[in-house]
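Welcome! Take a look at the sequence and the model first, then read on.

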Amino acid sequence: MKGKRILAAALSSALLLCAGCGGQAAQEEQVPLGTAVEVVEAVTGEMSAEHALTGKVAAASAVQIFPMLAGQVQTLSVAEGDTVSKGQVLFTVDTSAVTSTMGALQQSYNATKTATDQAIANARITLEQAQLAVDNVRALYEAGAAAAQDVTRAEQGLQQAQSGLDAAIAQQTASLAQIQASMTQITTQADLGTVKAPCAGLVTMVNLVRGGMAAQSQPAVIIAEDGKIEVEVSVAEDVFTNIRAGDAADISLSVLGSEPVRGTIAALPVAANMQTGLYDVSVSLPAGAKPPIGAFATVTFYTNRRTALHVPTEAVLTGEGNEKHVFVVREDKAVRVAVETGLVGRSDTEIVSGLNEGNRVVVKGQSYLADGDPVRVVTGTAGTAPAAADAAQGGEG
């Protein structure tokens with residue numbers, strides 16, 4: 001009996017001890033930890049307004065090459081993406097239809113020349129004979145054996161012989177020139193069947209196939225002169241009036257990777273496009289960037305550059321009446337601060353008034369805060385889950 005009383009007392013003491021431990025743990029769980037938040041300091045630095053617009057890759061100077069002679073394509077020595085030099089043969093067109101009469105013309109030329117050469121030779125013989133007759137008559141006249149009229153007739157014969165030679169030479173020249181003109185015309189047309197690059201550059205389009213037909217109504221090949229390509233983008237007036245030639249712009253092209261490349265505004269138009277009312281701006285690509293012609297690109301222009309106090313855009317909240325505010329951490333409490341904002345960049349927003357440089361601004365967990373709430377500052381993604389948990393606890397309360 002006595003042993004039973006001792007055992008009961010021991011059990012009671014153990015239960016009281018456990019109860020005491022449980023009460024202490026419950027008391028520790030009730031200690032408020034505050035909402036987990038992440039903060040950054042408001043800083044002063046360069047800011048600008050950003051305008052992301054869609055553009056298209058195009059040749060800086062596109063040279064369209066039209067076939068000057070329609071016909072079947074016999075050879076094609078270039079393809080899209082090739083680099084060509086000035087004077088390089090691009091393709092040839094069948095010229096047999098043009099040159100079909102060249103053989104007959106050549107025969108006519110040879111026959112005409114042979115005939116007229118003979119006529120000239122005969123005229124020269126006649127002239128030589130007339131000259132000999134004049135010489136003989138003059139000798140006889142000086143010897144008193146011929147009359148003066150005999151000399152006159154001989155000299156007239158010499159003049160006629162000279163005129164005959166001149167006429168034979170002129171006839172040959174005219175006849176051969178006429179045939180030669182026809183042959184030259186055919187040769188010139190045949191030369192048009194060999195199409196060469198008028199400039200060095202990058203072939204951006206080939207609208208031909210070997211064995212197909214070359215038409216004079218559309219460009220057969222397009223060359224980006226000197227291989228220079230750019231991005232063409234249309235901008236509204238509010239952007240156009242704040243950019244200048246030589247300004248930097250970021251260009252995002254999926255074919256060049258996930259990171260944008262830095263381009264330069266190459267040229268600005270003097271007037272808006274009459275059809276769209278927008279301004280067509282050319283942005284040059286950096287050296288080595290060779291995206292395909294026609295690829296779409298996102299061009300980001302930067303305007304209104306200035307040094308300003310700024311915070312991450314996600315830190316700025318909008319209340320009633322479009323009132324802007326942020327939460328700053330002071331003595332482990334969230335303090336709601338009304339702010340006036342200015343420029344909005346890709347990731348940061350300018351703070352015109354309401355904050356000072358160095359203020360610790362909440363960038364994660366701010367949506368769950370009220371003015372004066374206790375907070376605990378964490379760093380990195382580890383603070384995200386506690387923040388959500390604390391918010392859930394607050395909602396339950």
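Two strands count as paired if DSSP finds at least two bridges between them. With that in mind, strand E12 (residues 248-252) and strand E15 (residues 296-312) pair in the antiparallel sense, over four bridges. Please remember that this is a predicted model.

- Ile 251 is a handy residue to look for: in E13, its bridge partner is Val 261.
- Ile 251 also stands opposite Val 299, which belongs to E15.

**The open four-stranded sheet**
- Four strands form an open sheet in the order E3-E10-E8-E5, and their pairing is antiparallel.
- Strand E3 (62-65) and strand E5 (83-84) stand at the edges with a single partner strand each, so one side of each has no neighbour in the sheet.
- E3 is joined by four bridges to strand E10 (residues 221-225), and the two run antiparallel.
- To spot this pairing, find Ile 65, whose bridge partner in E10 is Val 221.

**A serine in helix H4**
- Ser 175 is part of helix H4, which covers residues 148-191.
- Is Ser 175 buried or exposed? Ser 175 counts as buried because its relative accessibility is 16%, and the cut-off for buried is under 20%.
- The side chain of Ser 175 reaches the backbone oxygen of Gln 171 at 2.9 Å.

Note on methods: Residues numbered from 1 in each chain as written. Predicted model: local features only at pLDDT ≥ 70, side-chain atom pairs only at ≥ 80, totals over all residues. Heavy atoms only, no water. Buried < 20%, exposed > 50% of the residue type's maximum accessible area, 1.4 Å probe, protein only. Polar contact = N/O pair within 3.5 Å; in protein donor to acceptor, adjacent residues only side chain to side chain.
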